[in-house]
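Good morning, and thank you for coming. Please look at the sequence and the structure on the screen while I describe them.

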Amino acid sequence: MNAFFMGVDLGGTVIKAGIYSPEGQEIIVAEHPFPTESPEAGFSERNMEALCQATCGVIREAINKSRLNASQITGISFSSHGKGLYLLDKHGKPVRNGIVSSDSRAQSIVDEWHQDGTAEKAYPLSLQQLWPSHPVSLLRWLKQHEPESYHNTRYVLMVHDYIRYRLTDQITCEETNISGSQLYNPTTSSYDPKLCQLFGIDEVNDKLAPVINSAQLAGTVTTQAAAESGLVEGTPVFGGFFDVVGAALASGVSQKDKLSAVAGTWTISTRVFDEIVPSDYPYVWSKYCIPGTYFVHEGSPTSASNLAWFTRHFFNQRFQDYDVLNHCVAEGATRQNDILFFPWLYGSNYHSNLQGGLLGLSSHHTDADIIYAIYEGIVFSHLLHQDRIIGIDNNTKAIRFTGGPTQSPLWMQMFCDASNLPLEVVDVQQSGCQAAALCAAVGTGYYAGFDVAIAASTPKIIRYQPNEIAHQQLRKKFARFKSVADALSQ
């Protein structure tokens, strides 16, 4: 076999590069931690030059570890975090540090937009709920607090747009990610100048790059990028997608009867539709990688990262292992446990003024009780999103699940019981890398489209069935979870 494809996953804390066969079989994955910088409270940034060098380094490492000839890499594409902001000046140089999706510096601006009606006016155009890490929120913040950076900006990009530019010297924005930016109108499939006007950043209309779709050729690897990354000059580089789309694609989700659930740093629920479904609720709609389709999703940083933070700060090293955690959860499940854990250490997906915490602790409680409550609270926070996405038409027949918590059968059964739907754990270790590699395979023409690629790379599935008694018990406690949260928000 001479054809292989590379997928690069540009996550919020780790950069990964994987090499795959056309059928999605993993050859090798290399990864490099790349934590964010936080110079002030609420800031989450990355040095853009260092980001590029780290990405090139992990690409080179994957090629070297695979023992393949770089010429066998037939194409490369990306899966990346959404939102955030990566700015270039007129010379193609970074204006400032890139800003990551966990940044919250613009929260007060978003609050003002909700209060003065701007958010309500923008929704019919963008089909997005407002977040402080949206490009428009950050651009407005820069206009107010860093006017020089705002003035020097020539191109507004998302993270994978920037890395593609560094590999190809071509400036473009990819559709599945930019359609969730508050700059783009998914209904018309184009930027909407009215949005910049509403958000008070009219100057940005002239700083938006041409839009390409996921499998569209963005350019080829330049001589300089080849020297830095180990790729062969001329290697095709394709658009890629928002990591939410990558997770759904790797899970084999292409129709509305299956819901893609992701649990990691963020909890995310996603479904794919052939059309935008009208609703009184402001669902988040964007363009999916399959032409003519849309994805609806909700997400928040309320998932397993909360568990990782808690165990890191309050338990010893042995609690970093899922086997130990699972043992504690099994023990905690055998006892009556009224502890509530609110997994909002990085922001709330229920009321904006809520923070994380434990409620109901007593002296008889043990480590096992607390860890069980953390697992349970993360499930409850996930349900806040999932219930709404399922409620669009109530035609969901199964949930496809990816992410770190899939390493815990007990946790998966808890998610399954709470959902009261069959749950299918996707046996894909690196969904972002694999999906991005499939994107490159579609882009090169190896597959005629994403539907064909999904069918040819169907992942192994581990199935869970819900227990009705456990479902009723969890839903009763979930109601208490929301009732307490309502009271705390007052």
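Helices, which are H or I runs of at least four residues, and strands, which are E runs of at least two, come from DSSP and are numbered from the N terminus. This is a predicted model, in which local features need pLDDT of at least 70 and side-chain atom pairs count only at pLDDT 80 or more, while totals for chains, interfaces and linings use all residues. Residues are numbered from 1 along each chain as its sequence is written, and side-chain values use heavy atoms, with hydrogens and water left out.

I begin with an annotated span. UniProt, in an unreviewed entry, places "domain: Carbohydrate kinase FGGY N-terminal" at residues 6-249; such annotations may be inferred rather than shown by experiment. This span is 36% helix and 23% strand, and its end C-alpha atoms lie 16 Å apart.

The protein chain as a whole has 17 helices and 24 strands. Its radius of gyration, taken over C-alpha atoms, is 22 Å, close to the 23 Å from the globule rule (2.2 Å times the number of residues to the power 0.38) for 490 residues, so the chain is as compact as a globular protein of that length.

Of the 490 residues, 58% are buried, meaning under 20% relative accessible area with a 1.4 Å probe, protein chains only.

Just after α6, Asp169 takes a positive phi of about 65°.

Definitions and conventions
Buried < 20%, exposed > 50% of the residue type's maximum accessible area, 1.4 Å probe, protein only.
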